[in-house]
Amino acid sequence: MLRDTAGTGWMLAMIEPKSIEAPLPQLINAKAAAAALGIGRTTLYWLTKNRQLACVHVGRRVLFDPKDLADFIARSRGGARR
C-alpha cells in the first residue's frame, strides 16, 4: 500500500512483515565446530581462510552452520585415498 505519510508528496511503501516459515539455523562457535570435526581451531580457521569451509561472521565472532560441517565431511570423504 502506498501512502503519503508526511504530506510531502512522496509516497512510501508500507510493507506488511511476513512471518518466517523456516526457523533460522542454529550456529555453533569455532570451538564446537573444531570438536565436531575432530580438528584443532587453527586448522578450522585455515579451512575457512582457504574457502574450503563456510562460516558466518557476526561482529568479531566466527560461527558455523552444522549443515556446512556435514557438507564438508561429505566432500572430504569423496577424495580420500587408502
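Is L37 buried or exposed? At 18% relative accessibility, L37 counts as buried, where buried means under 20% relative accessible area, exposed over 50%, and partly exposed in between, with a 1.4 Å probe and protein chains only.

Good morning. What we have here is a predicted model, in which local features need pLDDT of at least 70 and side-chain atom pairs count only at pLDDT 80 or more, while totals for chains, interfaces and linings use all residues. Residues are numbered from 1 along each chain as its sequence is written, and side-chain values use heavy atoms, with hydrogens and water left out.

Let me begin with the fold. The chain contains three helices and five strands; helices (H or I, at least four residues) and strands (E, at least two) are DSSP runs, numbered from the N terminus. Read from the N terminus, the order of elements is β-β-β-α-α-β-β-α. Of the 82 residues in the chain, 17% are buried. The accessible surface amounts to about 7200 Å², and carbon and sulfur atoms account for 56% of that surface; these areas come from the Shrake-Rupley method with a 1.4 Å probe, and for residues only the protein chains shown count as cover. Turning to contacts, defined as heavy atoms within 4.5 Å: among those between residues at least 6 apart in sequence, 36% join residues at least 24 apart.

The largest nonpolar core comprises eleven residues, namely A30, A33, A34, L37, L44, L47, L53, V62, F64, L69 and F72. Such a core is a set of buried Ala, Val, Leu, Ile, Met, Phe, Trp, Tyr and Cys residues joined through side-chain atoms within 4.5 Å. At least two residues of this core come from each of α1 (30–37), α2 (41–49), β5 (61–64) and α3 (66–78). Helix α1 gives the largest share, four residues.

This brings us back to L37, which sits in helix α1. Beyond its neighbours within four places in sequence, L37 is in contact with L44, L53, L69, F72 and I73. The C-alpha atoms of L37 and I73 are 8.0 Å apart, although 36 residues separate the two along the chain. F72, for its part, touches L37, L47, Q52 and L53, residues up to four places away in sequence not being counted.

Which residues does D65 contact, leaving aside its neighbours within four places in sequence? They are P25 and L27. D65 lies in the loop between β5 and α3. This aspartate is buried yet has no salt bridge, and the nearest side chain of opposite charge, K67, is 5.8 Å away. A salt bridge here is a side-chain nitrogen of Lys or Arg within 4 Å of a carboxyl oxygen of Asp or Glu; for charge, Lys and Arg count as positive and Asp and Glu as negative, with His and the chain ends not counted.

Finally, the surface. L27, V56 and V58 form a nonpolar patch with about 200 Å² of accessible area together. Patches are made of residues with over 30% relative accessible area and no salt bridge, like charges being joined within 9 Å and nonpolar side chains (Val, Leu, Ile, Met, Phe, Trp, Tyr) within 5 Å. V56 belongs to strand β4 (residues 56–58) and is partly exposed, at a relative accessible area of 32%.

R51, in the loop between α2 and β4, has a positive phi of about 55° although it is not a glycine. R51 is exposed, with a relative accessible area of 78%.
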